Amino acid sequence: MIQKIKKYSTTNRLVLLGIILGVLFGIFLPQLALKQQVIGQIFISFLKMLVVPLVFSSIYVSIMGLGNLQSLKEIGVRTVGLYILTTALAVFTAILAMNLIPIGEAVSAHGLEYAKASEVAPFSFGAMILSFIPANIFHALANGSMMQIIVFSALFAIASLHLKKERQLLMLDFFTAVTNAILIMAEWVIKMTPIGVFSLISYVIAEQGVQVIVGLWKYVVMVVAVLLIHAAVTLPALLGLFGRINPFRYLSDVREAPIMAFSTASSTATLPVAMRVVEEVGGVDKKNASFVLPLGATVSMDGTAAYLSIAVLYISHLAGVDLSFMDQLLLGATVVALSIGVAALPSASLVMMVVILNQLGLAVEYIALIVAVDRLLDMARTSLNVTSDLVVVKIIDQLQKIKKQNV
């Protein structure tokens with residue numbers, strides 16, 4: 001265990017060095033930084049290449065490993081419940097912060113344009129539920145539709161539990177081997193992390209420029225502050241309360257995953273790294289990690305939920321609209337409810353923001369005022385999304401271990 005922690009500490013230092021050099025490269029050599037984007041794209045492509053087979057096989061193996069539907073129901077309810085709880089607390093923190101320090105001075109929406117808003121199809125909960133069900137599993141696999149893949153692999157595993165014992169063992173052995181092989185491939189890709197991070201960070205800085213933050217500094221500071229409070233206070237408190245461990249030591253050990261999430265701005269691309277880290281240095285049982293983390297990569301959106309709450313309240317201030325207590329309560333409930341399902345849809349954050357703004361009667365055009373820093377903030381909120389996953393999987397693992405000790 002000590003050797004593994006040292007190995008990841010070395011990787012973390014190299015990744016942080018990649019981030020620092022990437023920022024400097026993007027600032028001082030922007031033209032070169034824009035041209036070398038392909039390196040970062042290759043790195044992301046390799047990570048995404050692993051996600052679909054890893055999610056399918058790991059979900060299957062984890063459910064089969066539970067052995068019965070009662071265990072599946074228990075861990076499933078706990079997992080979803082914890083994800084809803086952490087998301088709700090993130091939203092509460094964001095709304096409280098915006099009420100204590102209400103930033104945003106009123107401006108007119110006249111002349112503002114946001115073309116993407118008109119491209120978003122009308123949202124409905126019926127469409128969201130239908131989006132969970134794969135009409136063609138091969139199409140879902142080819143397109144990386146995570147929620148559909150999770151639903152099918154879960155049903156496939158449950159159906160396999162009804163097979164004869166020898167066939168169950170055969171299926172379990174096959175998909176366990178697939179999972180292990182994918183994780184070995186993930187180790188190879190992880191060695192590219194410092195170079196990939198350098199490329200991605202330098203490109204973002206060169207494309208966006210640090211000057212875009214200047215005009216929206218209060219908004220950026222508010223978002224980052226709320227995300228940090230949730231990551232450094234709320235989540236550790238939950239982990240200490242339910243997991244009964246030192247939360248900061250654990251989060252320090254598994255910090256490579258949030259760093260990776262920050263650089264890639266993708267929870268799914270970070271999944272192979274998160275699974276390997278929580279098992280090797282986080283002490284999480286492989287069965288629990290295989291079930292909780294793939295689900296979290298799809299539905300856990302603490303950072304996104306906090307960001308959206310701040311963005312909507314900021315836009316309301318820009319529009320000169322004071323939202324009542326009931327409006328803000330509706331905002332919080334809507335964000336929590338949508339965060340569970342909208343992640344299965346493309347442009348999830350955009351869909352959620354358009355839906356909420358329309359529901360509150362605010363002009364969608366105001367999105368144009370904050371979209372300039374969205375890419376940079378996306379990196380921060382994705383890092384929090386993954387941190388929440390790491391906390392929930394550890395809590396679930398601890399609760400399962402406590403249960404076994406009491407039996």
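**Exercise 1. In which helix is the place of Leu 32?**

Solution. Let's go step by step; keep in mind that this is a predicted model.

- Step 1: Look for Leu 32 in helix α2, which covers residues 30–35.
- Step 2: Now consider its accessibility. Leu 32 has 46% relative accessibility, so it counts as partly exposed. The cut-offs behind this are under 20% for buried and over 50% for exposed, with partly exposed in between.

**Exercise 2. Describe the aromatic pair of Tyr 60 and Phe 175.**

Solution. Here is a friendly reminder before we start: two values describe a pair of aromatic rings, the distance of the centres and the angle of the planes.

- Step 1: Searching the whole structure gives 10 aromatic pairs. In the one formed by Tyr 60 and Phe 175, the centres are 4.4 Å apart and the planes make an angle of 45°.
- Step 2: Planes under 30 degrees apart would be stacked and over 60 edge-to-face, so this pair is tilted.
- Step 3: Tyr 60 belongs to helix α3 (residues 37–66) and Phe 175 to helix α8 (residues 165–190), so the pair ties together parts 115 residues apart in sequence.

**Exercise 3. Over the face of which residue does Arg 381 lie?**

Solution. Arg 381 lies over the face of Tyr 307, and its distance from the ring centre is 4.0 Å.

Methods. Residues numbered from 1 in each chain as written. Predicted model: local features only at pLDDT ≥ 70, side-chain atom pairs only at ≥ 80, totals over all residues. Heavy atoms only, no water. Helix = DSSP H or I, 4+ residues; strand = E, 2+ residues; numbered from the N terminus. Buried < 20%, exposed > 50% of the residue type's maximum accessible area, 1.4 Å probe, protein only. Phe/Tyr/Trp six-rings, centres within 6.5 Å; stacked < 30°, edge-to-face > 60°. Lys NZ or Arg CZ within 6 Å of the ring centre and 35° of its normal.
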